Amino acid sequence: RTCLPMAAAGSDALARILAFVERAWGVPDAQVLSVYLLGSRLWGTHDPASDHDALVVVSDGAHAASACAALHSHAGGVDVTLLPATAFREELHLGEVRALLCALAPPANV
């Protein structure tokens, strides 16, 4: 699984995001392909009260409601967008900013 640049955010943040994805949408960890940190923590402009914004790419079919579009929810210090792999690849193809940020994250942030 790709987790960019979640290493900088810490394993606790990654665990909270994965737990949130399973709680909110019933998507188990095994169907999560990638987790990308976004927002103020990516840019280093966060403060101690900032949440963790993340884009989570899941296997196609991992959640019936997310077959073609993103799902978004937030609680408990995480703000997550869930996107199936096919939709993520389409966003990359179209040059969507959030997908490009994920794809172009420097390897040093892994």
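I began with strand 2. I found 6 of its 7 residues buried, so strand 2 is largely enclosed by the rest of the structure. Buried means under 20% relative accessible area, exposed means over 50%, and partly exposed lies in between (1.4 Å probe, protein chains only). Strands (E, at least two residues) and helices (H or I, at least four) are DSSP runs, numbered from the N terminus.

A note on the source: this is a predicted model, in which local features need pLDDT of at least 70 and side-chain atom pairs count only at pLDDT 80 or more, while totals for chains, interfaces and linings use all residues. Residues are numbered from 1 along each chain as its sequence is written, and side-chain values use heavy atoms, with hydrogens and water left out.

Next I looked up the partner of strand 2. Strand 2 and strand 3 run antiparallel, joined by 6 bridges. Two strands pair if DSSP finds at least two bridges between them. I picked out Leu38, whose bridge partner in strand 3 is Asp53.

I then followed strand 3 to strand 5. These two pair in the parallel sense, over 7 bridges. Here Leu55 stands opposite Thr81 of strand 5.

How many residues of strand 5 are buried? I counted 7 of the 7 in residues 78-84, so strand 5 is largely enclosed by the rest of the structure. Val78, Val80, Leu82 and Pro84 point one way. Asp79, Thr81 and Leu83 point the other way, and all of these are buried.

**The whole chain**

Along the sequence the pattern reads β-α-α-β-α-β-β-β-α-α. Of the 110 residues, 40% count as buried.

I also checked the contacts, which means heavy atoms within 4.5 Å. Among contacts between residues at least 6 apart in sequence, 60% join residues at least 24 apart.

The accessible surface comes to about 5,700 Å², and carbon and sulfur atoms hold 57% of that. Such areas come from the Shrake-Rupley method with a 1.4 Å probe; for residues, only the protein chains shown count as cover.

**Aromatic pairs**

I searched the whole structure and found 2 aromatic pairs. Phe20 and Trp25 form an edge-to-face pair, 5.9 Å centre to centre with 80° between the planes. Rings of Phe, Tyr and Trp (its six-membered ring) pair if their centres lie within 6.5 Å; planes under 30 degrees apart count as stacked, over 60 as edge-to-face and the rest as tilted. Both Phe20 and Trp25 are buried.

Tyr36 and Phe88 form a stacked pair, at 5.6 Å centre to centre and 20° between the planes. Tyr36 is in strand 2 (residues 32-38) and Phe88 in helix 4 (residues 85-94), so the pair ties together parts 52 residues apart in sequence. Tyr36 and Phe88 are both buried.

**Ala85**

I stayed with helix 4, where Ala85 is also found. Is Ala85 buried or exposed? Ala85 counts as buried, because its relative accessibility is 8%. Leaving aside neighbours within four places in sequence, Ala85 is in contact with Leu33, Val57, Val58 and Asp60. Ala85 and Ser59 are 26 residues apart in sequence, yet 5.7 Å apart in space, C-alpha to C-alpha.

**Salt bridges**

I found 2 salt bridges in the whole structure. A salt bridge is a side-chain nitrogen of Lys or Arg within 4 Å of a carboxyl oxygen of Asp or Glu.

Arg89 forms one with Asp60, with the closest N and O atoms 3.9 Å apart. Arg89 is in helix 4 and Asp60 in the loop between strand 3 and strand 4 (71-75), so I noted a link between distant parts of the chain, 29 residues apart. Arg89 is partly exposed at 49% relative accessible area. Asp60 is partly exposed too, at 40%.

Arg16 and Asp12 also meet in a salt bridge (3.5 Å, N to O). Both lie in helix 2 (residues 11-25), 4 residues apart, about one turn of the helix.

**On the surface**

Which residues make the nonpolar surface patch of about 330 Å²? I found Trp43, Val97 and Leu101. Patches are made of residues with over 30% relative accessible area and no salt bridge: like charges are joined within 9 Å, nonpolar side chains (Val, Leu, Ile, Met, Phe, Trp, Tyr) within 5 Å. Trp43 sits in helix 3 (residues 40-43). Trp43 counts as exposed, at 56% relative accessibility.
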